[in-house]
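Me: Could you walk me through this structure, one question at a time? I am new to it.

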Amino acid sequence: AEPGMFFNAIRPQLSTDEAIEDAKRVIFGWRNMPTWRQELRVGELRRAKQTLVVARFFRRYGLRIWARRAA
């Protein structure tokens, strides 16, 4: 629920849309790699999926969460 946590999660992107597009690019690029390269880059895939989930959540609910906190 903290804006700082959100912006740390999507760095270096400046918006949720940029973070989502970047995460999708990493995920689709990973799927097209040979198996031996996929095994070496599992951490990158995990981070991209986590960023995608966080960015989608805050794109949908972020304004409401921050408005409640400010009230």
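Predicted model: local features only at pLDDT ≥ 70, side-chain atom pairs only at ≥ 80, totals over all residues.

Me: In what order do the elements of the protein run from the N terminus on?
Reply: Helices (H or I, at least four residues) and strands (E, at least two) are DSSP runs, numbered from the N terminus. By that rule the protein has four helices and zero strands. Read from the N terminus on, the order is α-α-α-α.

Me: What share of the residues of the protein count as buried?
Reply: Buried means under 20% relative accessible area, exposed over 50%, and partly exposed in between (1.4 Å probe, protein chains only). The protein has 71 residues, and the share of them that count as buried is 27%.

Me: Is Thr51 buried or exposed?
Reply: Thr51 sits in helix 4, which covers residues 42-70. Its relative accessibility is 17%, so Thr51 counts as buried.

Me: How far is the backbone oxygen of Met33 from a polar atom of the side chain of Gln38?
Reply: Gln38 belongs to helix 3, residues 35-40. Because its relative accessible area is 16%, Gln38 is buried. From a polar atom of its side chain to the backbone oxygen of Met33, the distance is 3.3 Å.

Me: How many salt bridges does a search of the whole structure find?
Reply: Side chains of opposite charge can pair when their charged atoms come close. A salt bridge is a side-chain nitrogen of Lys or Arg within 4 Å of a carboxyl oxygen of Asp or Glu. Searching the whole structure gives a count of three.

Me: Which side chain meets that of Arg59 in a salt bridge?
Reply: The N to O distance in this salt bridge of Arg59 with Asp17 is 3.3 Å. The pair links distant parts of the chain, 42 residues apart, with Arg59 in helix 4 and Asp17 in helix 2 (residues 16-31). Arg59 is partly exposed because its relative accessibility is 48%.

Me: How far apart are the closest N and O atoms of Arg25 and Asp22?
Reply: Both residues lie in helix 2, three residues apart, about one turn of the helix. Arg25 has a relative accessible area of 55% and is therefore exposed, while Asp22, at 25%, is partly exposed. In their salt bridge, the closest N and O atoms are apart by 2.3 Å.

Me: With which residue does Arg41 meet in a salt bridge?
Reply: Arg41 has a relative accessible area of 31%, so Arg41 is partly exposed. The N to O distance is 3.4 Å, and the partner of Arg41 is Glu44.

Me: How far apart in space are Val54 and Ile20, C-alpha to C-alpha?
Reply: Val54 is found in helix 4. It counts as partly exposed because its relative accessibility is 21%. Val54 and Ile20 are 34 residues apart in sequence, and their C-alpha to C-alpha distance is 9.2 Å.

Definitions and conventions. Residues numbered from 1 in each chain as written. Heavy atoms only, no water. Polar contact = N/O pair within 3.5 Å; in protein donor to acceptor, adjacent residues only side chain to side chain.
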